[in-house]
Amino acid sequence: MTPPQPTRPLMTMASVSKTFSNGTAALADVSLTVRAGEFVSLLGPSGCGKSTALRLMAGLGGVSSGNIDWPASRITSHGRPDGDISFVFQEPTLLPWRTVAENVYLPLQLQGISRKEAQSRIEEALSTVFLADFAKSYPRELSGGMKMRVSIARALVTRPKLLLMDEPFAALDEITRQKLNDEVLELWKSNGLAVVFVTHSVFESAYLSSRIVVMKARPGRIHEDFPVNVGIERDADFRISESYRLACERVSHSLAAAMGNEGAH
Amino acid sequence: MENGERSEQMDRLIRIAIPVGVVLALLLVWYLIVHVENIPPYILPDPIAVAIALVKDWPTLWPAFVVTTKITFMSLGLALLGGTVFAILLVQARWLELIFYPIAVVLQVTPIVAIAPLILIYAPTTQSALLICAYLVAFFPILSNLVQGLKSVDHNHLNLFELYGANRFQTLWHLKLPTALPYFMTGLKIGGGLSLIAAVVAEFSAGSSGVGSGLAFRILEAQFRLNIPRLFAALIMLSALGIAIFALTSFLSWLLLHRWHESSLKREN
């Protein structure tokens with residue numbers, strides 16, 4: 001297998017630090033570049049600033065020092081990337097008074113696109129997550145996994161280059177979670193988008209990622225940053241394959257080292 | 001399937017039959033007490049006498065009913081408009097809230113009966129005085145509930161709107177107002193009931209007579225003249241107005257919320 005060619009950077013963080021107003025240092029000197037086509041998992045103990053890092057990548061909140069740039073995106077007057085980046089929150093965060101289709105329409109509506117113009121894109125996003133038949137349902141009528149799918153459809157409807165996911169399946173049961181993991185992988189492979197995925201789970205990160213960034217806490221910084229599963233097809237046998245086992249081992253050692261270091265403080 | 005339909009029909013029948021039965025039973029008890037105890041009609045008339053008074057005095061009572069209804073609905077409408085605009089202004093900036101909230105609270109906690117005489121002096125006409133009184137009372141529950149609602153927006157939803165570059169107006173229209181709608185409906189239900197009470201109380205203090213007088217004045221007048229059947233007839237009309245307002249606001253609330261809000265949902269187990 002030939003190593004993957006370096007692609008253009010979508011997001012670069014250069015020596016970013018973030019201190020909250022209460023004095024907590026959430027991130028210290030974090031440098032990270034996410035390139036087109038990558039699947040990056042941010043993994044680490046709680047309090048290691050992975051969610052904060054993800055929010056910064058989305059342009060939510062400012063940095064205390066350092067720089068974030070989105071070289072491939074148009075930057076708005078607010079200093080945020082315009083439309084190229086989508087975010088999937090831990091909770092589905094659907095608007096309960098809107099139907100599924102209206103929820104998916106929201107990002108386009110806020111961009112001033114009429115419902116008529118948006119219709120085909122809404123349908124496309126919903127069929128990507130297998131919810132085409134539920135367009136007229138209200139969120140309360142859906143299961144937890146289905147709500148999360150709507151949330152993903154809403155993120156996809158703007159056709160992002162970079163999809164940021166903050167422990168999106170943490171609240172779901174294991175079976176639903178594996179199914180959604182496979183769906184996210186499928187999306188990643190077919191749409192050519194880059195994904196940054198925050199997770200607590202060694203297995204999830206080893207299964208999904210092409211690259212894993214292990215972080216450590218207080219203050220949050222990068223412990224190790226390494227590729228996994230290079231050039232390996234994720235087919236039905238992947239979950240029981242040797243390379244998956246090796247990836248899990250690699251990630252779990254790295255995480256143990258990151259947390260051990262924390263204990264020595 | 002047929003069984004389910006039948007039980008649903010039974011259910012509907014019971015829901016209508018029981019309240020009607022209770023009212024009829026109360027009327028019967030009322031009638032019996034009056035006749036068994038031989039209570040004179042200038043102290044407690046029987047329901048039939050009240051019904052006769054309602055029909056006979058209709059030419060006097062109906063215009064009064066119209067006056068009270070008008071004041072109640074106009075004040076509620078104004079309170080709705082004022083409360084909504086004011087609530088939206090208050091949540092825009094902390095300093096606006098600091099300036100205006102104390103004024104709103106002072107107006108609210110001071111009993112309306114105590115301010116009514118002053119308002120009667122300052123207002124250009126009695127009608128406008130009544131309107132101001134009723135407005136002041138209905139305004140506050142709408143304002144405070146809506147402010148509460150506008151502040152109850154989910155932080156994740158705010159992040160979502162920020163992420164997609166929503167402007168202030170979009171955030172207000174597509175997020176904050178829908179979030180506040182159930183709170184607003186609560187305020188409207190309370191305000192609707194209170195505006196009728198305030199209209200009556202204000203009319204009592206005004207004591208205005210003549211063509212422009214409302215039901216509350218007709219009640220006072222009937223009491224002075226010991227025309228107790230007419231007093232009861234006027235009372236029944238006031239009750240009917242109160243029930244109508246309650247039904248109207250409840251229906252409006254159901255109409256706007258039943259598709260999505262927990263308060264309007266049936267439990268499905």
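Two strands pair if DSSP finds at least two bridges between them, and helices (H or I, at least four residues) and strands (E, at least two) are DSSP runs, numbered from the N terminus. The views below show a predicted model, in which local features need pLDDT of at least 70, side-chain atom pairs count only at pLDDT 80 or more, and totals for chains, interfaces and linings use all residues. Residues are numbered from 1 along each chain as its sequence is written, while chains are lettered from A and ligands numbered from 1 in the order in which they are written.

**View 1. Strands β5 and β6 of chain A run parallel.** Strand β5(A) (residues 85-88) and strand β6(A) (residues 162-166) pair over 4 bridges. To find one of these bridges, look for I85(A), whose partner in β6(A) is L162(A). Both faces of β5(A) are covered, with I85(A) and F87(A) on one side and S86(A) and V88(A) on the other, all buried. Here "buried" describes a residue with 20 or more other C-beta atoms within 10 Å of its own; with 12 or fewer it is exposed, in between it is partly exposed, and C-beta atoms are placed from the backbone. In a regular strand, side chains alternate between the two faces of the sheet.

**View 2. A hairpin is formed by β1 and β2 of chain A.** Strands β1(A) (residues 9-19) and β2(A) (residues 25-35) run antiparallel and are joined by 7 bridges. K18(A) has L27(A) as its bridge partner in β2(A). Between the strands are 5 residues, and in this hairpin G23(A) takes a positive phi near 95°.

**View 3. Helix α2 of chain A is mostly covered.** How many of the 11 residues of α2(A) are buried? The count is 9, including V100(A), N103(A), Y105(A) and P107(A). The buried residues pack against α3 and α4 of chain A, together with α8 of chain B. Just after α2(A) comes G112(A), with a positive phi of about 85°.

**View 4. Helix α3 of chain A bends at R121(A).** The bend is about 25°, taken as the angle between axes fitted to the seven residues ending there and the seven starting there. The 14 residues of α3(A) (residues 115-128) should span 20 Å at 1.5 Å a residue, and this agrees with the 19 Å between its end C-alpha atoms; the expected span is 1.5 Å times one less than the number of residues. A118(A), I122(A), A125(A) and L126(A) are buried, and the buried residues of α3(A) pack against α2 and α4 (144-156) of chain A. After the helix comes F130(A), whose phi is positive, near 60°.

**View 5. The largest nonpolar core has 82 residues.** Such a core is a set of buried Ala, Val, Leu, Ile, Met, Phe, Trp, Tyr and Cys residues joined through C-beta atoms within 7 Å. Among those with the most contacts inside it are L42(A), V104(A) and L164(A). Helix α2(A) (residues 100-110) supplies the largest share, 7 residues. A second, separate core of 59 residues includes V91(B) and I132(B).

**View 6. Chain B meets chain A.** The contact takes 13 residues from chain B and 17 residues from chain A; two residues are in contact if their C-beta atoms, placed from the backbone, lie within 7 Å. Which element of chain B gives the most to the side that touches chain A? That is α7(B), with 6 residues.
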